[in-house]
Amino acid sequence: MSVNEDLHHTFPLCRQFLRLVGVWPDPDALLSDFRRSKIRFIITVFIMSIYVCVPQFMNVIRSWGNMDLVMQHIASANYSFLACCKLVVARYYNETLRTLVTSITADWATSKETWQRNTMLKIARRGRSLSLRCYMSCTITVMFYVIFNLIKFHRTLHQPERKLIYQFAYPYDYEKSPNYEITFFIQMSGGAFTAIVNSSVDSFVSILVLHVCAQLINLRTTLNETINRLAEKSISSSKFRRSLIAIVVRHEHLIRNVERINDCYSTVLFIHMIAATFQLCFETFQIFTIITDKSANVSIIKMAFLVFYVTVVLTHLYFYCYSAETLLAESTNMAYGVYECKWYDIPSRDAKDLMFIAHRSKIPLKLTIGKFSTFSLEMFGTTVKSSMGYLSAFLSMSD
């Protein structure tokens, strides 16, 4: 496969969407492409911040005292603010991320053995499957979001007081045509961009982590084969040491790649975890109040939108936790790979060299939430449990 085909296979949809918003770390980007991507980035951030994020935070302040409205506005504001943060971080660390994408390209280009490419393809398929689920839930949510707001637009178009999706005092008369139509559709496109940015960045980071997992599996297999060949005396001790040096260098390279990913996204993932916890709480609170309030006249479209909104938050959170759990397991499996090989059949001076890899692999590679915690499947369950605990508290307060 060519480099473009490899990248398309590794990053199926997030590559195109990140390029659309101007933050794809293209290793072969020209200066003209860089300037065009910068313009796309500025336009996207401007629309998301001025027409989506800021109005939502202002609506939170205006509706203070009404718990239902406050939770509704905070839930939307959290999601849009998180998308802006992820977009800015992706642009700020563009050079570092470009180095990581270049490393992935080199891995696909230099993997000549069939079993190595099969391992990479197997892990890439997992990433593609999870990424597709993220985009499917995101697409369905955006579809209901657009339908709901188009119905709202049709109802308010001919009324004397026209309402936007997110009310805000713009420095122009937005109720006057065509200002109203333009502002309304810019806000709607900004909301759609919010979902696309969150899905694309989450898929991109998780696929980066899964690719490192594939390389750790290949490295462990290479180490075992090298030790077995020395035990069978098919290679000399000097050749074994040269191969072991290459394995250690490769291991350190993968460790640095994980540290780069973590350095780029650790802070924004802390924001993501806090936002996801309260997102689940607020959205489930809205769903619960709609179901229990018999006097509430809520359309099926809005109800479906809220349900899929919760699905999106859970899917993205699970993607991070799954990829981080896989990284944790495969990084420690390097040590178990040393223990399970035929180290007892090789000379003692060569077996002692394996202790360096085993000792280094005792420290698991992690995707951290700031400096406080680590993504894992256990963290996924804890987050859902915490959000339901907050929901119980809010329900008791509302009663």
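Reader: In which loop does K233 lie?

Author: In this predicted model, K233 has a positive phi of about 60° although it is not a glycine. As for its place in the chain, K233 is found in the loop between α7 and α8.

Reader: Is K233 buried or exposed?

Author: The relative accessibility of K233 is 68%. Exposed residues are those over 50%. Therefore K233 counts as exposed.

Reader: Which residues does a cis peptide bond join?

Author: The loop between α6 and α7 contains P178. The peptide bond in question has an omega of about 0°. This cis bond joins S177 and P178.

Reader: Are α6 and α7 roughly parallel or roughly antiparallel?

Author: Two packed helices are described by the angle between their axes and the distance between the axes. The axes of α6 and α7 come within 9 Å and cross at roughly 170°. Angles over 145 degrees count as roughly antiparallel. The crossing angle therefore makes α6, relative to α7, roughly antiparallel.

Reader: What is the volume of the largest pocket, and which residues are the closest to its centre?

Author: The largest pocket has a volume of about 1100 Å³. Its lining comprises 38 residues. The closest to the centre are Q72, F148, N149, K152 and K302.

Reader: Which element gives the most to the lining of the largest pocket?

Author: The elements that give two or more residues to this lining are α3, α4, α6, α7, α8 and α9. By class, the lining residues divide into 18 nonpolar, 15 polar and five charged. With ten residues, the element that gives the most is α6.

Reader: Which element gives the most to the lining of the second largest pocket?

Author: The second largest pocket holds about 300 Å³ of space. Of its 14 lining residues, the closest to the centre are Q116, N218, L219, T222 and R250. At least two lining residues come from each of α5, α6, α7 and α8. The element that gives the most, with five residues, is α7.

Reader: How many polar residues are in the lining of the second largest pocket?

Author: The lining of the second largest pocket includes four nonpolar and two charged residues. Its polar residues number eight.

Reader: Which element supplies the largest share of the lining of the largest cavity?

Author: The whole structure has four cavities of 30 Å³ or more, and the largest cavity holds about 80 Å³ of space. Among the residues that line the largest cavity are Y79, K86, D202, H272 and H316. Each of α4, α7, α8 and α9 supplies at least two lining residues. The largest share, four residues, comes from α8.

Reader: How many charged residues are in the lining of the largest cavity?

Author: Six nonpolar and four polar residues belong to the lining of the largest cavity. The charged residues of this lining number two.

Reader: What distance does helix α5 reach from its first C-alpha to its last?

Author: Helix α5 covers residues 94–110 and has 17 residues. Its buried residues include N94, L97, R98, V101 and W108.

Note on methods
Residues numbered from 1 in each chain as written. Predicted model: local features only at pLDDT ≥ 70, side-chain atom pairs only at ≥ 80, totals over all residues. Heavy atoms only, no water. Expected span 1.5 Å × (residues − 1). Buried < 20%, exposed > 50% of the residue type's maximum accessible area, 1.4 Å probe, protein only. 1 Å grid on protein atoms, 1.4 Å probe; cavity = no way out; pocket = protein on both sides within 12 Å on 5 of 7 lines; lining within 4 Å. Points joined across faces, edges and corners; volume = space filled by probe spheres on them. Nonpolar A, V, L, I, M, F, W, Y, C, P; charged D, E, K, R; others polar. Axes fitted to C-alpha atoms, helices over the stretch in contact; angles between N-to-C directions. Parallel < 35°, antiparallel > 145°, perpendicular 65-115°, else oblique.
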